[in-house]
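Open the model in your viewer and keep the selection panel at hand. The stops below say what to select and what is there.

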Amino acid sequence: MGRVTTRSHQTCPLLEDFHIRNILGSRERRQVIFGSTEYCLTAGGGGTSGYSDFTFDHLTGGLVTEVDHSLIFAQKWASAPINRTRISFKTSTGFRLVGDLSAGYDIIIVATLPTSPRATPKWAKDYCPGCKDMDFWGIVGSIYKDVGLVTSRVKLGAGGTLAFTFKDHTAYWEPDGSETDLYLQGAKGSEKSPAVQRMVDSTFQAVLFPSDTPFTVAPWTGTFATDGTGFTIIGDANEYLNVLCLGQIAN
Amino acid sequence: MKDKWVKNICPYAYDQGFDSVIGDVKPGETIFGFTHTMAAAHDHLNFATETAVEQGSSGKGTTGQRTIHQMVDTYYRVFASKVSADGGASEGAGTYEVTKALDGFILYGDNGYTYDIIVIGRVKF
């Protein structure tokens, strides 16, 4: 398979005017992604268990108050999870996050907004040759500027840790250089510039999900670099994880 | 461009009510998601089945969605999150994805419980 070209560079003015390298496509109209870092679950669920009820209004500072439907992902940071993380009581205005009492969590929400009178039945590809060229039916909206989604599949080291940097992981598929990313070609050590050098600060969100094998140590995120260049991941030795990050790009 | 938002430049974003759009690192990728209730300890999730949308007479989706039939390659990333009413079992250590194919993948999880799932990669519409 050959290298995937960035054809939308030629036709999409957004890529020139904002700090994003590519547009993220969608199969839905009015789909948005937003995130929030929450510093603790306040209500006791018994023992070490805790929970908090969140509204979309609270998480977005009033920019999103209601959604048609949502998919919600949460990740404990700063210490290993004791109770497994889960979501309950999802409604059109909020949800309950269940996990560890007084623990902090990153939350990433993929939501579809209610139908708007302004929304037309057209798709993005009907508007713009850039989206048509990329085979995008829709694109994903945001409530903030320059927000990018960074996803990668990583392998933790023999010690069960990995220092994840955006610079390394937006240029190569594997941190050890054993596999070249078909989307962002270039062997490790090449001079190809990464798509994301860093986020504006440490207030980005990161969610982990195991790939290929079950875990014995639930994966969690450790220290977030204050300059937005990356964070640490802790889990099983040599474990494969899918990494999802949402943040404001500061390239 | 400091004073402008995407909605000032992109008419589709304006019509959808978006102030801005989400950027991506890798070109040509689409995000899609669905909710799945496990019927066993591991289920084979088929994209076409999980994202099926009612089709109108025009052949277009009637709910503002498109069905995903296949990915371009298997370099897509999967994320799953357990969603259940209080009182359900905690997510087990056996929740992970495996065996990614162009038309779907296998998810290991807790039988009878529901998961929010997103997939990010290149879609063959």
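Start at the pairing between the chains: select strand 11 (residues 141–142) of chain A and strand 1 (residues 20–21) of chain B, which run antiparallel and are joined by two bridges. Strands pair when DSSP finds at least two bridges between them. Helices (H or I, at least four residues) and strands (E, at least two) are DSSP runs, numbered from the N terminus.

The model is predicted, so local features need pLDDT of at least 70 and side-chain atom pairs count only at pLDDT 80 or more, while totals for chains, interfaces and linings use all residues. Residues are numbered from 1 along each chain as its sequence is written, and chains are lettered from A and ligands numbered from 1 in the order in which they are written.

Ala, Val, Leu, Ile, Met, Phe, Trp, Tyr, Cys and Pro count as nonpolar, Asp, Glu, Lys and Arg as charged, and the others, Gly among them, as polar.

Of its 251 residues, 48% count as buried (20 or more other C-beta atoms within 10 Å of the residue's own).

Colour chain A by domain: domain 1 (7–29 + 119–139), domain 2 (31–112) and domain 3 (147–248), with bounds from an automatic or database domain assignment. Which elements give two or more residues to the side of domain 2 that touches domain 3? They are strand 3 (31–38), strand 6 (69–77) and strand 9 (104–112) of chain A. Strand 6 gives the most, four residues. By type, this side of domain 2 has seven nonpolar, four polar and three charged residues. In total, 14 residues of domain 2 are in contact with 12 residues of domain 3.

Finally, colour chain B by pLDDT, the predictor's confidence in each residue, from 0 to 100. The mean for chain B is 84, and 83% of its residues reach 70 or more. Select residues 57–61 of chain B: pLDDT stays under 50 there, and the model has three contacts for them beyond four places in sequence. The model scores ipTM 0.90 and pTM 0.90.

Methods
Buried ≥ 20, exposed ≤ 12 C-beta atoms within 10 Å, placed from the backbone. Contact = placed C-beta atoms within 7 Å.
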